Amino acid sequence: MQYQSKLPNVSISIFSVMSALANKHKAINLSQGFPNFKSDQKLIDLVSKAMNSGFNQYAPMPGSLELRDAIANKYDLLYNTSYHPETEITVTAGATQAIYTIISAFIRPNDEVIIFRPAYDCYEPAIELNGGKVISVQLEAPFYKVDWNEVREKINNNTKMVIINTPQNPSGSVFSEGDMLRLQELTKKTDIIVLSDEVYEHIIFDGEKHQSVCLFSDLKSRSFITASFGKTFHNTGWKTGYCCSPKELMAEFRKVHQFNVFSVHHPTQKALADYLNEPNHYLDLSSFYQEKRDLFLSLIQDSRFKFTASKGTYFQVLDYSNITQEYDVDFAKRLTIEKGLAAIPLSVFNDFGLDNKVLRFCFAKTDDTLKQAAEILNSI
Ligand code: PMP
Ligand code: GLN
């Protein structure tokens, strides 16, 4: 049988590759981003309760209304802005499905989509599958700041979408208010849709404020926000998230959503609705992860790795150029196999495998695991 791959350049994701390698060699796994501690027992009990109370059939297509109400309340409380629960919020099977659905709903052949590299891995294939063209803006280590003049030069009549991600995976950088104002200015009076991937909105450090698109009225009017409960409540395996946008955009989103997933795991939604109503469940997250970042960095401060402290997310990038000039993918594999510590090489998120000799380490781990990882890093 003959067929032509629609994604000829795509292989198994680096997260799957590195986690499998870590398992095979019994290495400490700081590669794929997930916590190695339990989610709150209260939340787990709420899911059991929902199952035992009969929430086991299809949820409404846009999501449980109670959960959408709780999400709307969060935006009101944190950003003093409103998304209507009935028409402007949809619960999704993780942020990945929201992102795929947004891109599928709006991108046609030859539409251009601007992304910032190093970029999270699910944006590009979704754009390509829909015939769109990825236009990359490369951010430079170690600060990963955006050159907005370059963005301006890359915007043209074919530009249909800009995808931003703050706090950013994998670099751990964040957009400032100034960045958001520049984006707002550049997209004003255009038909560009902004996809703002805010899955790490509650993990931001050193007193910085998360700059959501919903804080900027013109940006809000053209934007989707994508979010993930997996990141916020330590249960990435539940694959539950949501997206918000103005209602006209959301109506188009739902046309696609109802045919690629229809609706999402119902008992989890019921539990999350109760759990989200207590703001401390997400407000305490930044200080929780800042302590982990600080512990990890203090343990490796005398190592040969160079770093700038992560400003958000649960990832820290480390520059290993003082140690070896190996290609980062090779070094990451060798570190896993020979030293028992797995990390993610950043070049896979760049065009043409651009290699700045940096690896990403996930610090969503118990203090014990971080100490064991630090011992290995200090020995290199
Ligand atoms: N966007 C970014 C930047 C992410 O890091 C992740 C997951 N790590 C996702 C989207 C996908 O989130 P989910 O697991 O909820 O699909
Ligand atoms: N988002 C996770 C990370 O950045 C990985 C998710 C996945 O494996 N697709 O590590």
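1. The model is predicted, with local features requiring pLDDT of at least 70 and side-chain atom pairs counted only at pLDDT 80 or more, whereas totals for chains, interfaces and linings use all residues. Residues are numbered from 1 along each chain as its sequence is written, chains are lettered from A and ligands numbered from 1 in the order in which they are written, and side-chain values use heavy atoms, with hydrogens and water left out.

2. Helix α4 covers residues 94-106 and, over its 13 residues, reaches 19 Å from its first C-alpha to its last, close to the 18 Å expected at 1.5 Å a residue (the expected span being 1.5 Å times one less than the number of residues). Helices (H or I, at least four residues) and strands (E, at least two) are DSSP runs, numbered from the N terminus. Among the buried residues of α4 are Gly94, Ala95, Ile99, Ile103 and Phe106, where buried means under 20% relative accessible area with a 1.4 Å probe and protein chains only.

3. The largest pocket has a volume of about 670 Å³. A pocket is an open set of points on a 1 Å grid over the protein atoms alone, with protein on both sides within 12 Å along at least five of seven lines, and its lining residues have an atom within 4 Å of a point; a volume is the space filled by probe spheres set on the points, which are joined across faces, edges and corners. Of the 22 lining residues, Asn9, Val10, Ser11, Glu124 and Val348 lie nearest the centre of this pocket. Two or more lining residues come from each of α1 (14-24), β3 (112-117) and α5 (123-129), and α5 has the largest share, with three.

4. The second largest pocket, of about 550 Å³, is lined by 27 residues, with Gly33, Thr96, Tyr120, Lys231 and Lys239 the closest to its centre. Here α1, α4 and α9 (229-232) each give two or more residues, and α4 gives the most, with four. By class, this lining has ten nonpolar, twelve polar and five charged residues, while that of the largest pocket has twelve nonpolar, five polar and five charged (Ala, Val, Leu, Ile, Met, Phe, Trp, Tyr, Cys and Pro count as nonpolar, Asp, Glu, Lys and Arg as charged, and the others, Gly among them, as polar).

5. Which residues come nearest to ligand 1? Of the 13 around it, they are Thr96, Asp197, Tyr200, Lys231 and Lys239, a residue being counted if one of its heavy atoms lies within 4 Å. A polar side-chain atom of aspartate 197 lies 2.6 Å from a nitrogen atom of the ligand, and one of serine 228 lies 2.7 Å from an oxygen atom. From alanine 95 it is a polar backbone atom that lies 2.9 Å from an oxygen atom of ligand 1.

6. The structure holds five cavities of 30 Å³ or more, a cavity being a set of grid points where a 1.4 Å probe fits but cannot get out. The largest has about 100 Å³ of space, and Pro142, Gly172, Ser173, Thr308 and Ala309 lie nearest its centre among 13 lining residues. The second largest cavity, with about 80 Å³, has a lining that divides into ten nonpolar, four polar and no charged residues, of which β5 (159-165) supplies the largest share, three.

Conventions: Buried < 20%, exposed > 50% of the residue type's maximum accessible area, 1.4 Å probe, protein only. Polar contact = N/O pair within 3.5 Å; in protein donor to acceptor, adjacent residues only side chain to side chain.
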